[in-house]
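Here's a quick briefing on a predicted model. Have a look at the fold below, then read on.

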Amino acid sequence: MKKVGIVDTTFARVDMASAAIKKLKELSPNIKIIRKTVPGIKDLPVACKKLLEEEGCDIVMALGMPGKAEKDKVCAHEASLGLMMAQLMTNKHIIEVFVHEDEAKDDKELDWLAKRRAEEHAENVYYLLFKPEYLTKMAGKGLRQGFEDAGPARE
């Protein structure tokens with residue numbers, strides 16, 4: 001049984017963790033999920049690292065929703081650097097799933113985008129754990145999580 005950590009924030013305006021968990025449960029019964037919730041995006045790195053080191057998770061999803069303000073974008077960048085550092089320190093993947101509020105034109109689209117991105121990254125977690133060869137087949141395809149795929153530069 002593989003252990004997947006899910007860390008989300010109270011700052012986010014959409015419950016992305018529930019969407020990711022639902023998708024993971026659909027994909028495999030051989031996944032145990034441990035969910036933690038932290039206040040904000042800069043709290044994600046340590047929570048993810050703790051799940052990897054103290055809870056024995058094989059992989060973690062870090063779910064966050066930076067706001068529209070410039071300081072929110074700076075905080076997201078700092079959190080992203082922290083997540084990369086935690087990956088290098090633990091030698092395990094942390095899948096960063098950030099949805100910036102200004103990516104969507106309105107709240108309805110924001111809700112849809114956040115849930116879809118969480119679900120599609122949950123699929124990536126599944127593939128990393130159980131079918132990494134699938135990701136190799138998809139290399140260079142311009143896949144995106146959330147909005148439509150960009151597609152390859154050349155066929």
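Helices here are DSSP runs of H or I with at least four residues, strands are runs of E with at least two, and both are numbered from the N terminus. Since the model is predicted, local features need pLDDT of at least 70 and side-chain atom pairs count only at pLDDT 80 or more, while totals for chains, interfaces and linings use all residues. Residues are numbered from 1 along each chain as its sequence is written, and side-chain values use heavy atoms, with hydrogens and water left out.

**How α1 packs**
- Helix α1 (residues 16-27) packs on helix α4 (residues 107-130) at about 40 degrees, and their axes are 8 Å apart.
- Axes are lines fitted to C-alpha atoms, for helices over the stretch in contact, and angles run from 0 to 180 degrees between N-to-C directions.
- α1 and α4 are therefore oblique to each other; under 35 degrees would count as roughly parallel, over 145 as roughly antiparallel and 65 to 115 as roughly perpendicular, with the rest oblique.
- On the α1 side, Met16, Ala19, Ala20, Lys23, Leu24 and Leu27 meet a set in α4 that includes Ala114, Ala118, Ala122 and Tyr126, where contact means heavy atoms within 4.5 Å.
- Sorted by class, that contact has ten nonpolar residues, four charged and no polar ones.
- α1 also lies across β1, β2, β3 and β4, and runs at about 175 degrees to β2.

**The sheet**
- Four strands make an open sheet in the order β2-β1-β3-β4, with parallel pairing; two strands pair if DSSP finds at least two bridges between them.
- β2 (31-38) and β4 are the edge strands with a single partner each, so one side of each has no neighbour in the sheet.
- On average, neighbouring strands of this sheet are turned by 15 degrees against each other, direction ignored.
- β1 is joined to β2 by eight bridges, and Val4 stands opposite Ile33 in β2.
- Strand β1 (residues 2-9) is joined to β3 by four bridges, with Ala62 in β3 as the bridge partner of Val7.
- Between β3 (residues 59-64) and β4 there are five bridges, and Met61 faces Ile95 in β4.
- Six of the eight residues of β1 are buried, so β1 is largely enclosed by the rest of the structure; buried means under 20% relative accessible area, exposed over 50% and partly exposed in between (1.4 Å probe, protein chains only).
- β4 is also largely enclosed, because four of its five residues are buried.

**Single residues to check**
- Asn91 sits in the loop between α3 (70-90) and β4 (94-98), and Asn91 is exposed at 72% relative accessible area.
- The phi of Asn91 is near 60 degrees, a positive value in a residue other than glycine.
- Most residues other than glycine have a negative phi.
- Glu109, in helix α4, is buried at 18% relative accessible area.
- Leaving aside neighbours within four places in sequence, Glu109 is in contact with Glu103, Ala104 and Phe147.
- Gln145 comes in the segment after α5 (132-137) and is partly exposed, at 23%.
- Not counting residues up to four places away in sequence, Gln145 touches Arg117, Glu120, His121 and Asn124.
- Gln145 and Val97 are 48 residues apart in sequence and 9.0 Å apart in space, C-alpha to C-alpha.

Conventions
Ala, Val, Leu, Ile, Met, Phe, Trp, Tyr, Cys and Pro count as nonpolar, Asp, Glu, Lys and Arg as charged, and the others, Gly among them, as polar.
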